[in-house]
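Reader: I have a chain to look at. Please take me through the terms as you use them.

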Amino acid sequence: MIVNAIEMFSSFTKREFLRNELNQIEYYLIYKDSYNAKVSKVSVAWHLNHCLEVINEISKALLTSNPERYTDKLSMRHIFSLFIGYIPRGKIVHYTSPHQKTSMKIKDLVAKLIRARDVIEEIESLEERLNYIHPVYGGLNKRQSRRFIEVHTKHHLKIIRDILSK
């Protein structure tokens with residue numbers, strides 16, 4: 001149905017999932033201290049850190065989830081968001097504060113990036129019904145979680161590009 005179409009229209013293959021996006025994150029590390037209040041209330045480092053933490057936390061949740069608890073109850077609005085690959089800016093409240101004190105040291109960001117590359121490889125072989133419970137979207141199976149990670153990461157990379165271009 002529509003949920004299966006999400007996979008058909010996503011821009012990744014199993015071998016290349018997030019490769020380009022993780023390479024972009026690595027490149028943007030040199031701009032970690034950049035900030036533009038007209039675009040975002042937080043720095044490039046915050047966006048990089050947030051992307052990496054989301055990738056790592058969702059992957060960890062998938063690795064430790066119970067497939068018996070999975071229920072497919074995405075709303076049409078959320079299916080549409082995943083289908084078209086768009087998250088509106090400023091509309092979804094982060095489950096962690098954007099001003100939360102997290103380490104923005106380059107070595108910590110690099111460690112999170114290395115972990116993200118490793119966990120992305122790990123989730124490829126997982127059962128489809130493994131799941132992540134998103135605070136807004138609800139239960140996402142492996143395929144939907146991968147799509148959310150992709151859309152979410154691209155969303156923040158676009159914000160970073162906007163911060164750096166203005």
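Author: Start with contact: it means heavy atoms within 4.5 Å. This is a predicted model, where local features need pLDDT of at least 70, side-chain atom pairs count only at pLDDT 80 or more, and totals for chains, interfaces and linings use all residues. Residues are numbered from 1 along each chain as its sequence is written, and side-chain values use heavy atoms, without hydrogens and water.

Reader: What is Glu127 in contact with, leaving aside its neighbours within four places in sequence?

Author: Pro67 and Lys142. Glu127 and Pro67 are 60 residues apart in sequence, yet 8.1 Å apart in space, C-alpha to C-alpha.

Reader: Why is Glu127 called partly exposed?

Author: Buried means under 20% relative accessible area and exposed over 50%, with partly exposed in between (1.4 Å probe, protein chains only). Glu127 has 45%, so it is partly exposed.

Reader: What makes a set of residues a nonpolar core?

Author: Its members are buried Ala, Val, Leu, Ile, Met, Phe, Trp, Tyr and Cys residues, joined through side-chain atoms within 4.5 Å. The largest one here has 34 residues. Leu22, Ile25, Ile55 and Phe148 have the most contacts inside it. Helix α3 gives the largest share, eight residues. Helices (H or I, at least four residues) and strands (E, at least two) are DSSP runs, numbered from the N terminus.

Reader: How confident is the predictor in the chain?

Author: pLDDT is its confidence in each residue, from 0 to 100. The chain's mean is 82, and 80% of its residues reach 70 or more. Over residues 1-13 the pLDDT is below 50. Where pLDDT is low, the predicted coordinates should not be read in detail.
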